Amino acid sequence: MILKDSYVDELVKLYTQHIDLNYANWSKNYLRNQFDFIGIRTPLRRKLTKQFVHEYGVPTKENLEYIILTLWERSEREYQKAALDMLEKVKADLTPDDMPWLSSLLVNKSWWDTVDVLSPHIMGHMFSAYPKLISPYTDQWILDDNIWLQRSALLYQLYYKNKTDEKRLFLYILNRANSEEFFVQKAIGWVLREYGKTNPVAVKQFVSLNDLKPLSRREALKNLRSI
């Protein structure tokens, strides 16, 4: 394993060999001009990251926080995506001590493309592995003014299936059922639609008994109309 600064430098060197200005501009427009891009399409970026990890290894535990946060601070969006790819590879080694800096990723350079990976895949793993973390974090997130923390509280159980804490899920949804934020309304519909694959009766009953925004309701029932 090379030094942590060299690790990031080598990844930057690899990525910058594949600049595509046309795709970079398209990507920037797609995410509403909030982030800069190198212009690497997702399949190629994943291939390059896999190649890089094969050569240099995943970040060691002692260097993980530094490397992830350094990648997160870079201006081009591909580096945040690389950080997420690396976190996915090492998430089994994460511990409760990592939660403060992991949580910071949710509110730094936030948009759906990072939050929708962090919440169900990284936070979802952490809360499954360490259930005592749930209340101190997600109970606060759903009440926070930050819409990305609200979305994260709604989506961390997205793929829990029959392990879903239905009571907590429905409570969180009711806490934000009147939200005017598109990304919160969409998250409510998405998590209900996904949970509906496991418990369609409960989801249909919940939707019928509660006053949800039209977008949330429509998304929740998208696959349940005929059930």
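**Aromatic rings in this model**

Tyrosine 7 is buried, as is phenylalanine 52. The structure is a predicted model. Searching the whole structure gives 16 aromatic pairs. Tyrosine 7 and phenylalanine 52 make up one of these pairs, with an edge-to-face arrangement.

**The pair between helix 1 and helix 3**

- The ring centres of tyrosine 7 and phenylalanine 52 are 4.9 Å apart, and the angle between their planes is 75°.
- Tyrosine 7 belongs to helix 1 (residues 4–15) and phenylalanine 52 to helix 3 (residues 42–56), so this pair ties together parts that are 45 residues apart in sequence.

**The pair within helix 2**

- Tryptophan 26 and tyrosine 30 form a stacked pair, because planes under 30 degrees apart count as stacked and theirs are at 10°, with the ring centres 5.2 Å apart.
- Both tryptophan 26 and tyrosine 30 are in helix 2 (residues 21–30), where they are 4 residues apart, about one turn of the helix.
- Tryptophan 26 has 48% relative accessibility and therefore counts as partly exposed, since that class ends where exposed begins, at over 50%.

**A cluster of rings**

- Phe127, Tyr137, Trp141, Tyr156 and Tyr160 are joined into a cluster by ring pairs.

**Charges over rings**

- Lysine 4 has its charged end over the ring of tyrosine 66, at 4.5 Å from the ring centre.
- Arginine 74 has its charged end over the ring of tyrosine 79, at 5.0 Å from the ring centre.

Technical notes. Residues are numbered from 1 along each chain as its sequence is written. This is a predicted model: local features need pLDDT of at least 70, side-chain atom pairs count only at pLDDT 80 or more; totals for chains, interfaces and linings use all residues. Side-chain values use heavy atoms; hydrogens and water are left out. Rings of Phe, Tyr and Trp (its six-membered ring) pair if their centres lie within 6.5 Å; planes under 30 degrees apart count as stacked, over 60 as edge-to-face and the rest as tilted. Helices (H or I, at least four residues) and strands (E, at least two) are DSSP runs, numbered from the N terminus. Buried means under 20% relative accessible area, exposed over 50%, partly exposed in between (1.4 Å probe, protein chains only). A charge sits over a ring if NZ of Lys or CZ of Arg is within 6 Å of the ring centre and within 35 degrees of the ring normal.
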